[in-house]
Amino acid sequence: MKLKETIFLKSDDIVLDDIQAEQFENFVGDLNEILQKQGMLLCYCDDKMPHNKIKFHTWDLRPHRKDNENE
């Protein structure tokens with residue numbers, strides 16, 4: 001499957017503590033290793049919150065151009 005345009009994903013905000021957030025980021029990184037092979041990338045925004053919390057939001061799945069690919 002070749003993704004040509006960004007797909008915006010609807011989701012509620014995900015709020016995690018620092019330890020959970022690190023594990024979650026590692027999980028998304030593992031997913032992105034798989035998705036990159038298919039020319040895609042899962043992206044999100046994150047914001048630090050009070051009390052050592054991090055909010056993940058604004059998700060999208062977008063095309064990912066490999067460094068060695070020609071445009």
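Trainee: Which residue in the turn of the hairpin formed by E3 and E4 has a positive phi?
Mentor: This is a predicted model, in which local features need pLDDT of at least 70, side-chain atom pairs count only at pLDDT 80 or more, and totals for chains, interfaces and linings use all residues. Residues are numbered from 1 along each chain as its sequence is written, and side-chain values use heavy atoms, with hydrogens and water left out. Helices (H or I, at least four residues) and strands (E, at least two) are DSSP runs, numbered from the N terminus. E3 and E4 have 3 residues between them in the hairpin, and the turn residue with a positive phi, of about 65 degrees, is His-51.

Trainee: Over how many bridges do strands E3 and E4 pair?
Mentor: Two strands pair if DSSP finds at least two bridges between them. E3 (residues 40–49) and E4 (residues 53–63) run in the antiparallel sense, and their pairing counts 9 bridges.

Trainee: How many residues apart in sequence are the parts tied together by the pair of Tyr-44 and Trp-59?
Mentor: Rings of Phe, Tyr and Trp (its six-membered ring) pair if their centres lie within 6.5 Å; planes under 30 degrees apart count as stacked, over 60 as edge-to-face and the rest as tilted. The whole structure holds 4 aromatic pairs, and that of Tyr-44 and Trp-59 is tilted, with 5.0 Å centre to centre and 40 degrees between the planes. Tyr-44 lies in strand E3 and Trp-59 in strand E4, so the parts tied together are apart in sequence by 15 residues.

Trainee: Is Trp-59 buried or exposed?
Mentor: Buried means under 20% relative accessible area, exposed over 50%, and partly exposed in between (1.4 Å probe, protein chains only). Tyr-44, at 25%, is partly exposed. With a relative accessible area of 10%, Trp-59 is buried.

Trainee: Within what arc do the buried residues of H1 fall, seen down its axis?
Mentor: Ala-21, Phe-24, Val-28 and Asn-32 are buried in H1. An α-helix has 3.6 residues a turn, so residues three or four places apart point the same way. The arc is that of the directions from the helix axis to the C-beta atoms. The buried residues line one face of the helix, because their arc is 85 degrees.

Trainee: Which residues is Ala-21 in contact with, leaving aside its neighbours within four places in sequence?
Mentor: Contact means heavy atoms within 4.5 Å. The cover over the buried residues of H1 includes strand E2 (14–17), E3 and E4. With neighbours within four places left aside, the contacts of Ala-21 are Leu-16, Ile-54 and Phe-56.

Trainee: What distance separates the C-alpha atoms of Glu-5 and Met-40?
Mentor: Glu-5 lies in the segment before strand E1 (7–9) and is exposed, at 62% relative accessibility. Neighbours within four places in sequence aside, Glu-5 is in contact with Leu-61 and Pro-63. Glu-5 and Met-40 are 35 residues apart along the chain, and their C-alpha atoms are separated by 9.9 Å.
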